[in-house]
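Dear colleague,

Please find below the structure that I am handing over to you. My notes on what was found in it follow directly after.

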Amino acid sequence: AFNGTFNITLQHRTALQAGEEPHCVFWQTAGTEGRWTPSGCTHVGGDTLRSVCACTHFSTFAILVAIRPIASNTALTVVTYVGMSVSLVCLFLAIITFLLCRSLWSVSVTLHLQLSICLFA
């Protein structure tokens, strides 16, 4: 195990503008999901073209740039869940239609059925 701190210098794709604040983060996985998190990594310096991060572990690092504080948007969350639910219902109905309408069977319909099942899973 690594016990210490090391510095890593990351180059920005574009120069930072006034008001943009760089954040040192790494990709943390938990089961089948992952997220960018700053734990164990802090921004210690740099300029508009590079950022220097002090980290306590080895991982996949990146620089996220925040122009303003990121807030949760309730309306966007509702639209996302409603849209996803409607999409899944329609996809399920398409799968049922492909399975029950034997008169439509062809190679094309079989491929569409398999694609629909993969998207639903």
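How far apart do the end C-alpha atoms of residues 78-101 lie, and how much of the span is helix or strand? In this predicted model, the end C-alpha atoms of that span are 35 Å apart, and the span is 96% helix and 0% strand. The UniProt record, an unreviewed entry, lists residues 78-101 under "transmembrane region".

The strands may be taken next. An open sheet of three strands runs in the order E3-E2-E6, with antiparallel pairing. Strand E3 (33-37) and strand E6 (61-66) are at the edges and have a single partner strand each, so one side of each is left without a neighbour in the sheet. From one strand to the next, the twist averages 35°. Strand E2 (residues 21-30) and E3 are antiparallel and are joined by five bridges; Phe26 has Thr37 in E3 as its bridge partner.

Strand E5 (residues 50-55) pairs with strand E1 (residues 6-11) through six bridges, the two running antiparallel. Strand E4 (residues 41-46) is also antiparallel to E5, and five bridges join them. E4 and E5 form a hairpin, with three residues between them.

Which residue of E5 is the bridge partner of Thr9? The partner is Val52, and Gly45 likewise stands opposite Val52 in E5.

With kind regards

Methods
Residues numbered from 1 in each chain as written. Predicted model: local features only at pLDDT ≥ 70, side-chain atom pairs only at ≥ 80, totals over all residues. Heavy atoms only, no water. UniProt positions renumbered as here; feature names shortened; annotations may be inferred. Helix = DSSP H or I, 4+ residues; strand = E, 2+ residues; numbered from the N terminus. Pairing = 2+ DSSP bridges. Axes fitted to C-alpha atoms, helices over the stretch in contact; angles between N-to-C directions.
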